[in-house]
Amino acid sequence: RLPLGPLPKELHQTLLDLTANTQQAAKVEVQAPFTGEVIGYVFNGDEQDVEHAFALSRAAQKKWVHTTTAERKKIFLRFHDLVLKNRELLMDIVQLETGKNRASAADEVLDVAITTRFYANNAGKFLNDKKRPGALPIITKNTQQYVPKGVVGQITPWNYPLTLGVSDAVPALLAGNAVVAKPDLATPFSCLIMVHLLIEAGLPRDLMQVVTGPGDVVGGAIAAQCDFLMFTGSTATGRILGRTMGERLVGFSAELGGKNPLIVAKDADLVKVEAELSQACFSNSGQLCVSIERIYVEEDVYEEVVARFSKAVKAMSIGAGFEWKYEMGSLINQAQLDRVSIFVDQAKAAGATVLCGGKSRPDIGPFFYEPTVLADVPEGTPLLTEEVFGPVVFIEKVATLEEAVDKANGTPYGLNASVFASSETGNLVAGQLEAGGIGINDGYAATWASVSTPLGGMKQSGLGHRHGAEGITKYAEIRNIAEQRW
Ligand code: ADP
């Protein structure tokens, strides 16, 4: 159990030693959102550090490429076991630097374990040579091979630093690549402790490099050198990186923003709706790409859904600390608190009704904000269409499911969506929604946890997929060898 304060000196040093940063004069402090206290620092790297990381990882990848998937599998199954064995420490570090509640930190640890196990067990099947038929009259033997890309760049945000820092690296490494990763400066330690465990599991030391530093400088340098880029973050940054990758004609996969809708049909089980809604909207304090920010309810059941949801939200326990009892933790920092407050204040000023929450909670911690539900939000209010990335959702009455679908599809985003309804209605509506992941009678957990099927965004919410076969084959080039037979 770590103290709710600075990282123990030895642990801090172990993690710092794992970064590829060679210039160690400039430092950036990392704070614990629960208290605002500084828990440690990392180095403020630049392009030179990225050069260094690429030199080391390229050399390591040249050897790694000669290992078999069976050899790699053993390392990753060991890593899986180490993740579960060290789960309490991992959850402590995640909570310390993100301020999230324990259950949300547990989600991250489990996601890393599940994703690692899935890819360790299936990488061989996904990446083995495939025999394909040729066309007559020439009898051809086609062999489709998967060849590692080389060094994969990975740029991740602060909201899920373990999951996004490691679950994407695992398939890239299993596919024979090296990885150069840039965690967000707010949350570098989660990624570093996982690299520590990867090395303990037997991963060659230089194969996964972490460089800490500013997003535009270090992230930009990674994009300029990598052989494939995996990015998770805002649509605005995704567009900047997309320009670099387009110029270089190098592959790029991105999970970006969302403004995820949830529809409640009149034939929904309202007990189920009540049980799922709070988690769907307020997990990780709403700082979750697949979090629900818009709820459209058919008018017959609107009043009842509002009453049930408001009651459930008011009963949520919010708090700072490692205890399991809290259902929601802090926001990450002051900037995020300001962002959330502005969206809510604008909506209030425009005449929206506050059903629950609507204010910060400095009595709990410096960046806490109450889970907030708004209704009657007037047309034109930014909250209706822009991503808040916080614990704020609005609820709106619709006359028909057609209107609900139109509204749900009415933003430039298309990441995640949900529909609560009978199975028949749910499937009918799901088939009309423009989103990469759709949950029927589920907030987001089922789509997010479906590691065997691809997860990604439509429209402005992303390119490419994580999870499933696509989540590992994207890290490989395809080489087809066609042999003419006589
Ligand atoms: P968020 O709003 O979730 O912080 P960002 O897109 O700003 O989303 O950040 C996601 C990741 O992208 C972070 O690791 C951040 O440091 C990095 N980043 C920010 N700006 C750039 C940029 N111009 N080039 C490359 N990476 C960047």
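The following dialogue explains several terms as they apply to this predicted model.

Modeller: Residues are numbered from 1 along each chain as its sequence is written. In this predicted model, local features need pLDDT of at least 70 and side-chain atom pairs pLDDT 80 or more, while totals for chains, interfaces and linings use all residues.

Biologist: Why is Glu255 counted as buried?

Modeller: A residue is buried if 20 or more other C-beta atoms lie within 10 Å of its own, exposed if 12 or fewer, and partly exposed in between. Glu255 has 27 C-beta neighbours inside 10 Å, and therefore counts as buried. Glu255 belongs to strand 9 (residues 252-255), and an unreviewed UniProt entry lists Glu255 under "active site".

Biologist: What makes helix 4 oblique to helix 5?

Modeller: Angles under 35 degrees count as roughly parallel, over 145 as roughly antiparallel, 65 to 115 as roughly perpendicular and the rest as oblique. The axes of helix 4 (residues 87-98) and helix 5 (residues 102-127) cross at roughly 120° and come within 9 Å. Helix 4 is therefore oblique to helix 5.

Biologist: Why is helix 4 called roughly antiparallel to helix 8?

Modeller: The axes of helix 4 and helix 8 (residues 188-200) come within 8 Å, crossing at roughly 160°. By that angle, helix 4 is roughly antiparallel to helix 8.

Biologist: Which residues of helix 4 meet helix 8?

Modeller: Contact requires C-beta atoms, placed from the backbone, to lie within 7 Å. Leu90, Ile93, Val94 and Glu97 in helix 4 meet Phe189, Ser190 and Ile193 in helix 8.

Definitions and conventions. Axes fitted to C-alpha atoms, helices over the stretch in contact; angles between N-to-C directions. Helix = DSSP H or I, 4+ residues; strand = E, 2+ residues; numbered from the N terminus. UniProt positions renumbered as here; feature names shortened; annotations may be inferred. Contact = placed C-beta atoms within 7 Å.
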